[in-house]
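User: Hi! I'd like a close look at a single part of this model, with the cut-offs spelled out as you go.

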Amino acid sequence: MEAAICSIFAFGILGGFGFLIYLLILAVKRSGRLNQSFRAAAVTMKGHFVQGGVWKRPRISLRYGNTAARLRILKNAGGDETELTVNWPAGKQRFEMHPRVEGMTFRRADWTQVDFGHESLDAAFALKAENPQVFTRMLSDGVKWQLERLLMFLPHQRFYCGCLRRELVLRKTGLIKNSAELVQFVRFGLELYDQFQLTQVEGIDFVESQEATLLEQIQCPICGEPIESRLVTCVDCKTPHHQECWEYNGRCATFACGQEIFSKPAVAHPIEDPRGKGSLK
């Protein structure tokens, strides 16, 4: 009898040990897939990749113009979250944006609720700001446009956006395991950051020609003349150039950059109000 009990006990220990090994193998495989996706995304974005392990998650840090961004995975009681943070030293307008779901809580419940003035965004998000009068002016068509794009990119997932400690934070529930989707998530977040930045910069006049005219003197590094139209920026270092000068030079003029691809400033078209009242002004 004692031998039978010992055998059962031994088999139980071996079974438990085998189950732990099985869980460890699954964790290693999962970590390997995440590392592969983050590494590929870091190569695409020319960022710095930090490899994860069984107990540590991978992350990416990258430069974006004059600021820095970080992509990482957070683990909390509700599960994994993918988070992008962008340094925003001049970001004085603090806010929080949550999806309208059960159990939603604001870290700063004493702030004032703000409306987007757009039906789909107001239905999707609850928004609070420290200074609602000033923050309302930051809700430009470009900002709303980028938020609409994020909603379409993450249609069935919780999405948080906020600025509490001089950095813009974008967070979604769950993991993004595909490198192309990781890159897209980062790009959407950086484009939202750009649109927020534009609302705080004086000297940019948006005219009906759909080009931004820079009233402050920004010089092209190739010809040395002010850039007043046909502005393009390097996709890596964000240095502005005349488009004609870039095409003549064939690459970015910034020392040691050498990027051959430029981007044009996105035109933020007015958002059509789904209630049929025309575009938002």
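Which residue in strand 7 is the bridge partner of His98? Please also describe the surroundings of that pair.

Analyst: Happy to take you through it. This is a predicted model, in which local features need pLDDT of at least 70 and side-chain atom pairs count only at pLDDT 80 or more, while totals for chains, interfaces and linings use all residues. Residues are numbered from 1 along each chain as its sequence is written, and side-chain values use heavy atoms, with hydrogens and water left out.

The bridge partner of His98 in strand 7 is Ala126. Strands here are DSSP runs of E with at least two residues, and helices are runs of H or I with at least four, both numbered from the N terminus. Strand 5 (residues 95-99) and strand 7 (residues 125-129) are antiparallel and share 5 bridges; two strands count as paired if DSSP finds at least two bridges between them.

That pair belongs to an open, antiparallel sheet of 9 strands, ordered 1-2-3-4-9-8-5-7-6. Strand 1 (48-50) and strand 6 (112-114) are its edge strands, each pairing on one side only. On average, neighbouring strands of this sheet are turned by 20° against each other, direction ignored. Axes are lines fitted to C-alpha atoms, for helices over the stretch in contact, and angles run from 0 to 180 degrees between N-to-C directions.

Helix 5 (residues 179-198) packs on the sheet and touches several strands, among them strand 4 (79-87), strand 5 and strand 9 (167-173). Contact means heavy atoms within 4.5 Å. The direction of helix 5 makes about 40° with that of strand 4.

His98 also turns up at the second largest pocket: of the 21 residues lining this pocket, the closest to its centre are Glu81, His98, Arg158, Tyr160 and Thr173. A pocket is an open set of points on a 1 Å grid over the protein atoms alone, where a 1.4 Å probe fits, with protein on both sides within 12 Å along at least five of seven lines; lining residues have an atom within 4 Å of a point. The volume is about 430 Å³, taken as the space filled by probe spheres set on the points, which are joined across faces, edges and corners.

Strand 4, strand 5, strand 8 and strand 9 each supply at least two residues of that lining. By class, the lining has 6 nonpolar, 8 polar and 7 charged residues, with Ala, Val, Leu, Ile, Met, Phe, Trp, Tyr, Cys and Pro as nonpolar, Asp, Glu, Lys and Arg as charged, and the others, Gly among them, as polar.
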